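Subject: Structure for you to look at

Hi,

Here is the structure I promised to pass on.

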Amino acid sequence: QVSLVESGGGSVQAGGSLQLSCAASESSGSTACIAWFRQAPGKEREGLARVNTQSGLPFYADSVKGRFTIGRDNAKNTVWLNMFFLKLEDTGMYYCAAVAAGNICTLDADQYHYWGKGTQVIVSS
């Protein structure tokens, strides 16, 4: 079992930036990848970015490519999401999630075994 705890959410004006962090209870060897998802009010959960916990290889959804960056620090069991040029539509609850080791990684929420409780991001004009 892997526990995930998000932090770093808050309120920011459009065009601003935020950094989210995801702290994992287990080492990177327990997971294949960690991803960030967003759920806006009234919308389905959307996969934003994922990182392979061994190689560090990132992958981004088109909606955030060029604005968000994901990275990991295996020594600290932490994955971060840097968000730049935030838009009103980036408002939502942000979750980190992990796929157990030995599984493939996509941005399909159904494939993720472990979830944090989320951190709120509000982007205002």
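Let me start with Thr53, which is buried, with a relative accessible area of 2% (buried means under 20% relative accessible area, exposed over 50%, partly exposed in between, with a 1.4 Å probe and protein chains only). Before going further: this is a predicted model, in which local features need pLDDT of at least 70, side-chain atom pairs count only at pLDDT 80 or more, and totals for chains, interfaces and linings use all residues. Residues are numbered from 1 along each chain as its sequence is written, and side-chain values use heavy atoms, with hydrogens and water left out.

Thr53 sits in the loop between S5 and strand S6 (58-60); strands here are DSSP runs (E, at least two residues), numbered from the N terminus. A polar atom of its side chain lies 2.7 Å from the backbone oxygen of Thr31. That is a polar contact (a pair of N or O atoms within 3.5 Å; within protein, one must be able to donate a hydrogen and the other to accept it, and residues adjacent in sequence count only if both atoms are side-chain atoms). Leaving aside neighbours within four places in sequence, Thr53 is in contact with Ser28, Thr31, Ala32, Cys33, Ile34, Arg72 and Asn74, where contact means heavy atoms within 4.5 Å.

On a 1 Å grid over the protein atoms alone, a cavity is a set of points where a 1.4 Å probe fits but cannot get out, and lining residues have an atom within 4 Å of a point. The count comes to one cavity of 30 Å³ or more. The volume of the largest cavity is about 90 Å³, taken as the space filled by probe spheres set on the points, with grid points joined across faces, edges and corners. Which residues lie nearest its centre? Of the 13 lining residues, they are Ser28, Ile34, Thr53, Asn74 and Asn77. S4, S7 and S8 each supply at least two residues of the lining.

Asn77 is partly exposed, at 23% relative accessible area.

Phe85, in the loop between S8 and S9, is another non-glycine residue with a positive phi, near 50 degrees. At 58% relative accessibility, Phe85 counts as exposed. Its backbone oxygen is reached by the side chain of Arg67 at 3.0 Å. Arg67 lies in the loop between S6 and S7 and counts as buried, at 11% relative accessibility.

Back in the loop between S5 and S6 is Ser55, where a polar atom of the side chain lies 3.1 Å from the backbone nitrogen of Leu57.

Finally, the packing. A nonpolar core is a set of buried Ala, Val, Leu, Ile, Met, Phe, Trp, Tyr and Cys residues joined through side-chain atoms within 4.5 Å. The largest has 27 residues, of which Leu4, Trp36, Phe68, Ile70, Leu81, Met83 and Tyr94 touch the most other members. Among the strands that each supply at least two residues of this core are S3 (18-24), S4 (31-39) and S9 (92-100). Apart from it lies another core, of eight residues, including Ala32, Phe37, Val99 and Tyr112.

Best wishes

Methods
Helix = DSSP H or I, 4+ residues; strand = E, 2+ residues; numbered from the N terminus. 1 Å grid on protein atoms, 1.4 Å probe; cavity = no way out; pocket = protein on both sides within 12 Å on 5 of 7 lines; lining within 4 Å.
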